[in-house]
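The sequence and structure come first.

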Amino acid sequence: MAKTGITKRILIDKANSRVVVFTSVAAFIFIFSLVATKTLISQAAYQNRVIGAKKVAVHQLNDNVQATTKLRSSYEAFVNTSQNVLGGSTTDDTSQQGDNAKIILDALPSTYDFPALATSLDSLLTSDGLEIQNISGIDDEIAQSGTTASGTPAPVPMPFQATVAGDYDSIKKLVSQFERSIRPFQMQKVTISGTSGKLSLSVEAQTFYQPGKTFSLGSKVVK
Amino acid sequence: MIQFNLLPDVKQQYVKARQMQRLVTLVSIAASAASLFILIVMLVTVDVVQRASLNDLNGNIKKYSNQLKSVKDLDKILTVQNQLNTLTDLHDKKVVTSRLFDYISQVTPSSASIRQLSVDFGANTMIIDGSAPTLESVNTFTDDLKATTYATDTDKTGATKAFSSIVLASFSRDNTKASFNITLNFDPAIFDSGNTVTLTVPKGTGGADLFGDQGSKQ
């Protein structure tokens, strides 16, 4: 009887030991899983955001691929005409001639070229027998040379001043020519003085150039 | 009814210990299994499902990018398209300077002559420097400027004043003529290319020989 009691006590101790071992192992597994799951949930949430952003990018790229087909055909229709938007020939390469793409790039150049602007102004100002008294401006070539083509270019003003002399009708005609020019000239200050036989027109104006647009793929940081 | 527990203490303790062991074992296995199951599900989601999705999306991005890069002259086409869009906006922002001649012709009395006209389209100001036979003509000129209104194709009432803050900044009179210098602000809408503007000036004004030979009018 005493021997059976001792055996039972040993068995009770063993059972208690097993309880401790099971509890410890289960606690370890549970805590490990909890920590690992928490990390994985964070990672899954982040990857979900990345997947969402990539889906948007794929959708955008797919739309762009579709759009390029239309864009290309529209461009070809725009360029391959017998007459350009100014009514000139599309085959010659002189002033007011050339295809529509050339006309557009002449109207809003994609590179900064102040001497070319001065030449254009010179021919515009002298077109009606007006006498040029002054053309001035600051050639910003060095600062602008750092501006490269980008995905979102913006127009850059090219200010200039000019003074011409002529009769009333010629001056009036010149102002209209500035307005009708396909190259945008925005007048800021205009001074007309003198008498109708010999008027002087001084203008402070600006025209523009806009760096070219390029197709570029960027990257975005997803947080 | 009285019940007697005839099991020895040690036997009772042993039974309880066995029951506790079973319960703890069951709960431990269940908790471990559940947590391991969640862990494995998350592991599969992150390392298998999401990774496959990312690889798939990366492949599509690369494929579409290559398609776009292979389009001939794409940069030139985009540049022309962008310049064309910007040109419209830049032309819309131009002031219609040629209206100046019509306006001045309309508002200047026939007896007056303008020597210098300065317009600042940024500040919307105008300085008119000229001469007239009498100071009365100069007074009429400033009064007419004050009374000038305009109508546009969107606002046909014609009740809006074209000019404001009209000041006879300086004047002088000699035995042949009166000289004047008028400063004023103008409503920028009258030079807006988006509007067709009709200026309404008081009767009797206009028809001036603008920039005529100074002092020749009496």
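In this predicted model, 80 residues of chain A are in contact with 72 residues of chain B, where contact means heavy atoms within 4.5 Å. Local features need pLDDT of at least 70, side-chain atom pairs count only at pLDDT 80 or more, and totals for chains, interfaces and linings use all residues; side-chain values use heavy atoms, with hydrogens and water left out. Residues are numbered from 1 along each chain as its sequence is written, and chains are lettered from A in the order in which they are written.

The size of an interface is often given as the accessible area lost when the parts come together. Here about 6900 Å² is buried between chain A and chain B, and carbon and sulfur atoms give 71% of this area. Buried area is the accessible area (1.4 Å probe) that two parts lose on being put together, summed over both.

Between chain A and chain B, 22 residue pairs are in polar contact, both residues being at pLDDT 80 or more. A polar contact is a pair of N or O atoms within 3.5 Å; within protein, one must be able to donate a hydrogen and the other to accept it, and residues adjacent in sequence count only if both atoms are side-chain atoms. On the side of chain A that touches chain B, α1(A) gives the most, with 39 residues. Helices (H or I, at least four residues) and strands (E, at least two) are DSSP runs, numbered from the N terminus.

One salt bridge is found across the interface of chain A and chain B. It joins the side chains of Lys189(A) and Asp120(B), at 3.9 Å from N to O. The rule asks for a side-chain nitrogen of Lys or Arg within 4 Å of a carboxyl oxygen of Asp or Glu.

Strands also pair, which requires at least two bridges found by DSSP between them.

| Strand pair | Bridges | Sense |
|---|---|---|
| β3(A) and β1(B) | five bridges | antiparallel |
| β3(B) and β7(B) | four bridges | antiparallel |

In the pairing with β1(B), Ile192(A) has Leu117(B) as its bridge partner. Within chain B, Ala151(B) has the bridge partner Thr198(B) in β7(B).

Chain A has five helices and four strands. Its C-alpha atoms fill a box of roughly 145 × 40 × 25 Å, taken along the principal axes.
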